[in-house]
Amino acid sequence: MRLKTKITLSEPELVHAILEKDKNGAEALYDMYSSSLYGVIFRIVKHQEIAEDLLQDTFIRIWNSFSSYDSSKGRLFTWMVNVARNIAIDKTRSKEFRNSTKTEDIENNVLIVDKQINTEINPEIIGLKDLIEKLKPEHKIILDLVYFEGFTHVEVAEKLDIPLGTVKTRLRNAIITLRKVFN
């Protein structure tokens with residue numbers, strides 16, 4: 001078995017190789033900076049698989065937009081860290097990411113509670129879906145959008161074209177109604 005040797009270039013050599021779209025430049029770029037950029041991304045998204053995907057996206061963006069790098073404005077590493085950071089932040093702001101982390105948080109909390117009280121909670125058995133269906137339509141739609149679709153209060157207000165205060169009041173009333181049933 002032959003081990004692949006890592007390619008290391010000076011920063012000017014690396015910049016030149018990447019501008020020339022040289023394969024060795026791409027390999028050196030990855031070998032020299034992948035672990036550092038992965039660390040930056042992982043600290044932001046806190047999920048290994050997502051961080052690995054974003055690292056790949058980062059290198060693709062660096063490779064494709066390298067002509068926008070200006071060495072007079074800063075070091076190559078600083079520019080690449082900003083690219084990685086922006087990609088990671090954009091991901092955390094995406095609705096898909098927010099929804100997936102909300103779902104994971106809920107699942108983790110349910111598992112913890114389940115282990116603590118040693119029971120399994122099934123929404124069908126306690127009739128949660130039936131209870132939600134019995135809410136006033138204006139309360140139900142807001143509850144669905146906020147808790148099941150991951151919209152923020154502001155997004156719900158915009159989507160339904162109602163004031164933000166109305167969204168918050170209706171959501172609060174829906175929760176109070178559900179709370180009365182469980183107490």
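Leu55 lies in helix 3, where helices (H or I, at least four residues) and strands (E, at least two) are DSSP runs numbered from the N terminus. At 8% relative accessibility, Leu55 counts as buried; buried means under 20% relative accessible area, exposed means over 50%, and partly exposed is in between, with a 1.4 Å probe and protein chains only. Leaving aside neighbours within four places in sequence, Leu55 is in contact with Tyr30, Ser34, Leu37, Tyr38 and Ile41, contact being heavy atoms within 4.5 Å. Take Leu37 from that list: 18 residues separate Leu55 and Leu37 along the chain, and their C-alpha atoms are 7.0 Å apart.

A word on what you're looking at. This is a predicted model, in which local features need pLDDT of at least 70 and side-chain atom pairs count only at pLDDT 80 or more, while totals for chains, interfaces and linings use all residues. Residues are numbered from 1 along each chain as its sequence is written, and side-chain values use heavy atoms, with hydrogens and water left out.

Stay in helix 3, which spans residues 48–64, and you'll find Thr58 there too. Thr58 is buried, with a relative accessible area of 0%. Again leaving aside neighbours within four places in sequence, Thr58 is in contact with Leu37, Ile41, Val83, Ala84 and Ile87.

Leu37 and Leu76 are the residues with the most contacts inside the largest nonpolar core, which has 26 residues. A nonpolar core here is a set of buried Ala, Val, Leu, Ile, Met, Phe, Trp, Tyr and Cys residues joined through side-chain atoms within 4.5 Å. Helix 1, helix 2, helix 3 and helix 4 (76–93) are the elements that give two or more residues to this core, and helix 4 gives the most, with 8 residues. There is also a second, separate core of 15 residues, and it includes Ile132, Leu135, Leu145 and Val167.

Now for how the helices pack. The axes of helix 2 and helix 3 come within 9 Å and cross at roughly 135°; axes are lines fitted to C-alpha atoms, for helices over the stretch in contact, and angles run from 0 to 180 degrees between N-to-C directions. That makes helix 2 oblique to helix 3, given that angles under 35 degrees count as roughly parallel, over 145 as roughly antiparallel, 65 to 115 as roughly perpendicular and the rest as oblique. On the helix 2 side, the residues making the contact include Tyr30, Leu37 and Ile41, and on the helix 3 side they include Leu55, Thr58 and Phe59. By class, this contact has 16 nonpolar, 3 polar and 1 charged residues, with Ala, Val, Leu, Ile, Met, Phe, Trp, Tyr, Cys and Pro counted as nonpolar, Asp, Glu, Lys and Arg as charged, and the others, Gly among them, as polar.

Helix 2 also meets helix 4. Their axes come within 9 Å and cross at roughly 35°, and the crossing is right-handed. Among the residues that meet are Leu37 and Ile41 in helix 2 and Leu76, Met80 and Ala84 in helix 4. The residues of this contact divide into 14 nonpolar, 2 polar and 1 charged.

Helix 1 (residues 11–19) packs against helix 2 (residues 23–45) at an angle of about 135°, with their axes 8 Å apart. The two are therefore oblique to each other, and their crossing is left-handed. Leu14, Ala17 and Ile18 in helix 1 meet Gly25, Ala28, Leu29, Met32 and Tyr33 in helix 2. That contact has 7 nonpolar residues, 1 polar and no charged ones.

Two loop residues deserve a stop. Most residues other than glycine have a negative phi. Lys21, in the loop between helix 1 and helix 2, has a positive phi near 60° and counts as partly exposed at 43% relative accessibility. Asp161, in the loop between helix 9 (153–160) and helix 10 (164–182), has a positive phi of about 55° and counts as exposed at 70%.

Zooming out, the protein chain has 10 helices and 0 strands, and buried residues make up 31% of its 183 residues.

How values were computed
A crossing is left-handed if the near helix is turned anticlockwise from the far one by less than a right angle, and right-handed if clockwise.
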